[in-house]
Amino acid sequence: MAALSRLIAKELSSALGITDNPKFNPMFKQTDEVLSDVEDPNTSTIAEFYSPIESAIENAPIGKKGTRGENIEAFVRKRAPKVTQAELDYREFNLDPARNYTRGNNSGAIDDGMEPLNIKAVKKKTANQSRQRQKDLLDEEVGYEEIGVDVVGGDLGLMTHYGPNNLAHTRYSVRETSQDKNELSEFFSTENPRRLDSLASKFDSSVGKKYILIEELQSDAIQNMSKNPTKDSKKFLDTFKKEFDLQMDDIAFEPEFELPGTFFEDYKDFVFNDYLPIVTNKKLSRKEVNESLSKLFDDSGLLMSKTGVYYQEPTEALRYMLNLMAAKKLNVFDFSGKERIISEIIRSARKYTAKSGSIVSKKDTPITNLTDSVRVLLQSIIADSKAKGIDEIVLPPIEKLAEKRFSKGSDEYKKAITKGSGFHNTYVIAFKKAVKQLKDELGNQIKVGKKDLKYKTFVRVKTYDEIVEEVKTGKKGFPPTTVQGTSINIKDLKLDSKTSKLRLNKGGLVQRPNR
């Protein structure tokens, strides 16, 4: 079937004179209409993403009498060469091979074949503004953003810093290039700060210019992605079962449970066969989880919903059921160590559901590659930079980023900056690959180089010679430490954030057929 599909696609392409054309589905695609959300200053939307697959479907050659699904699908896959398998899997692109689709119900074909894509780059609440920041950089901070690339609508069930639909996030500040006053004093004899600022602009043309400083690039979904979700989930479940059995053993030693009957079997059945399937179902909202748990109690004859009690925290159902079962089956209302043991059960359950819930399958998200996650974040930053009128984006060296997360010189710090670590893979390997993709497609519209970044030198006890030098020169403090960051200059990039969409994944670089 695959060979036949490729043959059909080849014949269709040949008949229509299709050729590779990178301008058809570019990294930044100009639209005919203004994107209302982006234009409205009261909304959080920075940019919208589009899928090359949809462009291929919209332009598929469908005859008046219709075209079989297998032919359309073969054409679409040809029209979107190198499209990521991640997006195909996530969107379940799967037309009925025997169905005859017509142009009139082509939208139906899209609905049958895959769900429409709605992904946006949006501003998030600045909840982490005080964490892991480049506060010792001398260039003044004049703005700060936290941005997420989110699937809009529905609920992916992902466990991330920014909600269940977040594919990746970035944090960055707007900086204004400053000039070291001690350095200026060697050229201008004045102590007037305003005079120095005025002279600084003449001394260095970059002084006063704004740029974006990237302080974090991260994808919780990709960090938690598993090659074998079932195996990993089972491993976490086995650990929970062992802990649970030990906790039940503690209860069994209490004199009140000398004749337990089926209490332990019934409670374990509730925990693993009733409770866990509900709380680990990613398709259920918190409200739906609580309602399902209440129904579970009602079905057991415990009339939970009629009490009007809904759990603020689902694990409280574990406490409630144990108490009810002990009272109903054994007439036991209290026993030694009760609160401690129940707390241990709840803690183990929370740990399991958190670990199990954080596991991400490749079919859970349209982005499964670290480089792709970094690229879509860079595209989002570029769109926001253009909207802000800023021409330069800078990433500090990995050492400076690592310093804010790990104690400098510690084993964790050394591991983070070493090749092969997740940190290094993100801020060095994936970043370089993503920048190369941008450069390959955009050419001279962007320029990649280096930028000097000046940081405060850590305070230490001054030597006698340093003190003498201070007195002689009038310079106070330690000279700044200069490091080089990676600079992306987008001054020549032709991009209107209000009328452009960003391409989500690779693929679709094929010329529109002449019709």
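## Basis

This is a predicted model: local features need pLDDT of at least 70, side-chain atom pairs count only at pLDDT 80 or more, and totals for chains, interfaces and linings use all residues. Residues are numbered from 1 along each chain as its sequence is written, and side-chain values use heavy atoms, with hydrogens and water left out.

## Overall build

The protein has 19 helices and 12 strands. Both are DSSP runs, numbered from the N terminus: helices are H or I with at least four residues, strands are E with at least two. Of the 515 residues, 45% count as buried. Buried means under 20% relative accessible area, exposed over 50%, and partly exposed in between (1.4 Å probe, protein chains only).

The accessible surface comes to about 27300 Å². Carbon and sulfur atoms hold 50% of that surface. Areas come from the Shrake-Rupley method with a 1.4 Å probe; for residues, only the protein chains shown count as cover. Among contacts (heavy atoms within 4.5 Å) between residues at least 6 apart in sequence, 77% join residues at least 24 apart.

## Helix α12

The buried residues of α12 are Val-289, Asn-290, Leu-293, Ser-294, Leu-296 and Phe-297. They cover an arc of only 155° around the axis, which puts them on the same side of α12. The arc is that of the directions from the helix axis to the C-beta atoms.

The face turned away from this buried side carries exposed Lys-287, Lys-295 and Asp-299. The buried residues of α12 pack against α11 (263–279) and α13 (316–330).

## Helix α13

α13 has 15 residues. Its first and last C-alpha atoms are 21 Å apart, close to the 21 Å expected. Its buried residues are Ala-317, Leu-318, Arg-319, Met-321, Leu-322, Met-325 and Ala-326.

These buried residues pack against α10 (229–252), α11, α12 and α14 (338–358). Asn-331 follows α13, and its phi is positive, near 60°.

Lys-227 lies in the loop between α9 (220–223) and α10. Lys-227 is exposed, with a relative accessible area of 87%. Lys-227 and Ser-361 are 134 residues apart in sequence. In space, their C-alpha atoms are 7.3 Å apart.

Technical notes:
Expected span 1.5 Å × (residues − 1).
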